[in-house]
Amino acid sequence: MLAQPITKLFNISILFSYVPLQWKSSIITPVPKVSHPVEAADFRPISVTSILCRLLEKIIAHRFFHPFLTEPHTNQQFSDQYAFRPTGSTTAALIALTHNLVELLKDNQYIHMIALDITKAFDTISHAYLAEQLAELPIPDCVYNWVVAFLCDRNHVTKYNGLISAIAYINASIVQGSGLGPLNFITAISKLKTVHPHNRLAKYADDTYLLIPSSRSDTIRAELDHVTEWAARCNLSLNQKKTQEMLIRRPRERGGQEAIPGEVPGLPRVQSMVILGVVMTEHIGFEMHIKRICVQARQSMYALRIMTTHGLAGPMLHDVVRMTTVSRLLYASPAWWGFAGQQERNRLQSVMDRLVRLRYLPESNPTLEQLYRTADRNLFTAALADPGHVLNPLLPPVKTLPYSLRPRPHDRIVPQADNLMRKTFLTRMLYNV
């Protein structure tokens with residue numbers, strides 16, 4: 001009953017690049033970013049938009065945006081972006097980051113990893129700048145005009161504690177909660193590139209990490225100035241107070257202190273950094289992260305004990321544990337599992353053993369190492385099979401042979417790698433699969 005009239009409505013909307021006024025109104029529901037918010041900046045403004053409009057946005061995204069995002073020949077400007085792309089994830093972003101760090105350490109004593117913090121990136125980005133970037137994409141004119149019409153003359157109200165604010169009209173920002181908002185944002189931020197080709201960028205939405213090898217330490221100020229200038233063109237600003245630097249060195253590096261450069265003025269240096277929910281130290285170590293997730297897993301057992309006293313048991317209890325405690329232990333594991341020592345692995349397994357011993361999981365539950373290996377294998381297989389996968393460009397070239405040999409797990413050239421490189425996900429899988 002609904003399919004035919006809605007289909008006609010959607011086709012007319014796209015063909016004439018017309019967005020009804022009702023679709024341009026949204027209700028903002030503030031979502032706290034911290035445990036105890038005290039000011040407006042502690043909330044994330046998520047927009048509740050029209051269901052019909054959101055459906056059409058997702059259709060446009062899948063029909064017109066995803067094809068060039070998955071095509072290796074057309075997605076080059078998005079190659080350093082790991083969010084909001086098909087096959088993109090925080091795991092892939094962390095894998096790419098560690099891969100680039102270890103690769104740069106081959107010929108450099110240390111790497112400057114600078115975490116850039118852009119203030120309210122989704123809320124203030126210029127619509128005019130976004131329209132310029134959209135015009136360069138391989139999308140039909142009617143779709144481009146539809147997106148521009150979707151952004152024009154928007155308004156919203158804020159609903160909080162049962163109260164509704166007055167209508168506010170906006171001429172900037174990405175509509176958070178909309179179907180096209182994420183793709184619009186990565187389109188706008190795609191033009192942020194390094195000034196010098198030897199430096200590298202890794203992005204996950206607005207979380208941006210600038211990698212500068214020791215041989216190019218003199219370019220740090222030029223790169224930061226370039227980011228500031230680019231942000232000004234987009235109506236954004238770089239938060240200097242939250243921008244940090246971590247000096248990445250090889251594990252157990254015993255170089256003298258005279259080899260370590262001083263801090264850049266206005267750029268605080270830290271020894272560990274939380275990157276997309278994973279704690280990394282200056283020697284590409286994840287001991288602090290493993291310790292943290294083990295502590296969190298043990299703390300969650302108190303909640304599990306409360307639920308069991310209220311009658312939760314059997315398969316339903318096992319599903320809850322897998323979706324909470326076990327998921328926390330597995331989060332982004334392909335990126336850091338190879339760097340974990342045997343002591344850390346035993347510590348993780350002890351948490352799993354305790355869950356089984358307390359009957360929160362069945363005795364037949366796989367070991368944690370088996371779960372980690374399954375996650376590794378699934379991700380590596382997907383990256384090998386899909387040329388449009390975000391990790392596929394990091395794989396070595398295909399090895400062509402003039403003769404036929406027995407089937408191999410993969411057809412890639414196995415690169416020469418030292419002990420540190422073999423800990424990274426892709427190299428580790430190339431050697432071990």
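# Notes on pockets, helix packing and buried residues

1. By class, the residues that line the largest pocket are 18 nonpolar, 7 polar and 9 charged, where Ala, Val, Leu, Ile, Met, Phe, Trp, Tyr, Cys and Pro count as nonpolar, Asp, Glu, Lys and Arg as charged, and the others, Gly among them, as polar. This is a predicted model, in which local features need pLDDT of at least 70 and side-chain atom pairs count only at pLDDT 80 or more, while totals for chains, interfaces and linings use all residues. Residues are numbered from 1 along each chain as its sequence is written, and side-chain values use heavy atoms, with hydrogens and water left out.

2. The space in the largest pocket comes to about 1100 Å³. A pocket is an open set of points on a 1 Å grid over the protein atoms alone, where a 1.4 Å probe fits and protein lies on both sides within 12 Å along at least five of seven lines; lining residues have an atom within 4 Å of a point. Lys33, Arg44, Asp117, Asp206 and Asp207 are the closest to the centre among the 34 residues of the lining. At least two lining residues are supplied by each of β2 (43-48), β3 (110-116), α4 (121-124), α7 (181-189), β8 (207-213) and β10 (272-275); helices (H or I, at least four residues) and strands (E, at least two) are DSSP runs, numbered from the N terminus.

3. The second largest pocket has a volume of about 420 Å³, and its lining consists of 20 residues, with Ser79, Asp80, Tyr82, Leu201 and Leu394 lying nearest its centre. Strand β7 (residues 200-204) gives the largest share of this lining, namely 3 residues. By class, the lining of the second largest pocket divides into 8 nonpolar, 8 polar and 4 charged residues.

4. Turning to helix packing, helix α9 (residues 287-309) and helix α12 (residues 342-357) have axes 10 Å apart and pack at an angle of about 10°, the axes being lines fitted to C-alpha atoms over the stretch in contact, with angles from 0 to 180 degrees between N-to-C directions. The two helices α9 and α12 are therefore roughly parallel to each other (under 35 degrees is roughly parallel, over 145 roughly antiparallel, 65 to 115 roughly perpendicular and the rest oblique). On the α9 side, the contact (heavy atoms within 4.5 Å) includes Glu287, Ile290, Lys291 and Ile293, while the α12 side includes Glu344, Arg347, Leu348 and Ser350. The residues of this contact of α9 with α12 are 9 nonpolar, 1 polar and 6 charged.

5. Helix α1 (residues 3-15) and helix α6 (residues 141-151) have axes that come within 8 Å and cross at roughly 95°, and α1 and α6 are therefore roughly perpendicular to each other. Ser13, Ile14 and Leu15 of α1 make the contact with Cys142, Val143 and Trp146 of α6. Of the residues in this contact of α1 with α6, 5 are nonpolar, 1 is polar and none is charged.

6. Helix α14 (residues 425-432) is mostly covered, with 6 of its 8 residues buried, where buried means under 20% relative accessible area, exposed over 50% and partly exposed in between, with a 1.4 Å probe and protein chains only. The buried residues of α14 are Phe425, Leu426, Thr427, Arg428, Met429 and Leu430, and the elements that cover them include α3 (90-104), α11 (333-336) and α13 (368-385).

7. Helix α10 (residues 314-330) holds threonine 325, which is buried with a relative accessible area of 0%. Apart from residues up to four places away in sequence, threonine 325 touches Ala297, Ser300, Leu304 and Leu355. Leucine 329 is also placed in helix α10, and leucine 329 too is buried, at a relative accessible area of 0%. Neighbours within four places in sequence aside, leucine 329 is in contact with Ile293, Ala297, Trp336, Leu348, Val351, Leu368 and Tyr372.

8. Serine 17 has a positive phi, near 50°, in the loop between α1 and β1 (25-32), and serine 17 counts as buried at 16% relative accessibility. Serine 173, with a positive phi of about 90°, sits in the loop between β6 (168-170) and α7, and serine 173 is buried with a relative accessible area of 10%.

Note on methods:
Points joined across faces, edges and corners; volume = space filled by probe spheres on them.
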